[in-house]
Amino acid sequence: MALVATVAALLAALGGTVWLAARRFVGPSVRHGGGDSGLMHGKTVLITGANSGLGRATAAELLRLGARVIMGCRDRARAEEAAGQLRRELRQAGGAGPGSDAGEAGELVVRELDLASLRSEEPRLDVLINNAGIFQCPYMKTEDGFEMQFGVNHLGHFLLTNLLLGLLKSSAPSRIVVVSSKLYKYGDINFEDLNSEQSYNKSFCYSRSKLANILFTRELARRLEGTNVTVNVLHPGIVRTNLGRHVHIPLLVKPLFNLVSWAFFKTPVEGAQTSVYLASSPEVEGVSGKYFGDCKEEALLPKAMDESVARKLWDISEVMVGILK
Ligand SMILES: NC(=O)c1ccc[n+]([C@@H]2O[C@H](COP(=O)([O-])OP(=O)(O)OC[C@H]3O[C@@H](n4cnc5c(N)ncnc54)[C@H](OP(=O)(O)O)[C@@H]3O)[C@@H](O)[C@H]2O)c1
Ligand SMILES: *[C@@H]1O[C@H](CO)[C@@H](O)[C@H](O)[C@H]1NC(C)=O
Ligand SMILES: *[C@@H]1O[C@H](CO)[C@@H](O)[C@H](O)[C@H]1NC(C)=O
């Protein structure tokens with residue numbers, strides 16, 4: 001018995017040490033705006049992919065800061081379930097909600113991403129967070145015939161943002177926040193095969209879509225100069241979410257993977273901090289076209305700053321989604 005207890009104690013100590021060491025590696029886990037629950041009062045924020053992972057955590061954090069949060073989701077049932085949980089968590093945390101007198105936390109609204117109705121129903125939009133994403137799926141096409149990762153991660157948000165620009169401009173100062181990934185480094189915009197009909201490499205296509213997110217941000221920032229609408233892009237770090245749903249992990253490796261992800265991956269709330277920061281902090285007022293990680297500006301590789309590629313991608317994206325000028 002004594003031996004078992006000793007071993008258990010040692011293991012617990014070891015686990016604790018690994019966890020603490022890993023937390024340092026994972027990066028700062030400051031909660032942005034924690035002390036300022038009214039920071040986003042009166043602001044309307046639309047988040048895509050808000051029923052899961054980073055989007056859900058971003059919604060929760062901005063609600064706590066008093067925002068009116070619109071969860072843009074493709075599946076109403078999944079979204080309503082997530083919204084119900086968020087409202088319960090918020091009440092338990094002592095925030096506002098029906099029947100509460102705290103009155104500080106914001107309001108949560110679920111919308112299917114019906115772009116046309118969104119435009120007509122919302123009188124203002126202060127922040128758009130392009131967060132939804134799909135990761136390394138097998139070769140698939142969107143309804144419109146685009147390679148899935150390029151279609152969802154880049155083109156879907158390209159169209160959504162363009163449709164909402166008028167509303168964002170009339171609500172200025174307003175902000176657009178784009179969730180990219182460090183993996184952009186392994187991508188390239190191969191204009192000759194944007195639909196990957198000649199060959200498909202799922203890692204390359206994810207990276208390409210995330211590089212497109214950055215080039216889009218930089219070109220949009222250029223186009224928005226002087227409008228008081230800013231747009232910035234970020235990488236959240238490696239975060240424990242449902243993003244890996246298409247990645248097959250062999251059963252035997254799963255426990256090890258779970259251990260590593262528990263120790264070394266960020267929690268969704270930690271991963272959401274840079275999105276929350278860019279959406280709400282006075283520190284980045286007027287800042288546009290920049291790339292952030294852990295709430296700090298970071299440098300980009302030259303390929304992510306290539307203006308001619310950014311313009312060409314913009315022009316081709318307009319044609320692909322059928323925006324007629
Ligand atoms: N997790 C990480 O380590 C990590 C690292 C770098 C970057 N990111 C980026 O972070 C963002 C959020 O991902 P996450 O990690 O939070 O993953 P997640 O838990 O899988 O959430 C992804 C969200 O995107 C939505 N989505 C997927 N396909 C969609 C479509 N066709 N139309 C509309 N919505 C769609 C999902 O909706 P459903 O639930 O309906 O499928 C879900 O709400 C992504 O852009 C991802 O590239 C994540
Ligand atoms: C797929 O793309 C990734 C990232 O660009 C690259 O590292 C890898 O070698 C490619 N795989 C194949 C089989 O070409
Ligand atoms: C942008 O904001 C500044 C400072 O609030 C204001 O003076 C200016 O008129 C605004 N410009 C536009 C285009 O809204």
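I began at one residue pair: Arg 68 stands opposite Glu 107 in β3. I note that strands are DSSP runs (E, at least two residues) and helices are DSSP runs (H or I, at least four), numbered from the N terminus.

This is a predicted model, where local features need pLDDT of at least 70, side-chain atom pairs count only at pLDDT 80 or more, and totals for chains, interfaces and linings use all residues. Residues are numbered from 1 along each chain as written, chains are lettered from A and ligands numbered from 1 in written order, and side-chain values use heavy atoms, without hydrogens and water.

**Sheet.** I looked up the partner of β2 (residues 68-73): six bridges join β2 to β3, and the two run parallel. Strands pair if DSSP finds at least two bridges between them. I then read the whole open sheet: eight strands in the order β3-β2-β1-β4-β5-β6-β7-β8, with mixed pairing. β3 (107-112) and β8 (296-297) stand at the edges with a single partner strand each, so one side of each has no neighbour in the sheet.

**Ligand 1.** I counted 24 residues around ligand 1, each with a heavy atom within 4 Å of the molecule. The closest are Asn 51, Ser 52, Arg 78, Tyr 206 and Thr 241.

I checked polar contacts (N or O atoms within 3.5 Å). A side-chain N or O atom of Arg 74 is 2.7 Å from an oxygen atom of ligand 1. A backbone N or O atom of Val 239 lies 2.8 Å from a ligand 1 oxygen atom. α2 (53-64) and α6 (202-223) are the elements that give two or more residues to the shell around ligand 1.

Technical notes
Polar contact = N/O pair within 3.5 Å; in protein donor to acceptor, adjacent residues only side chain to side chain.
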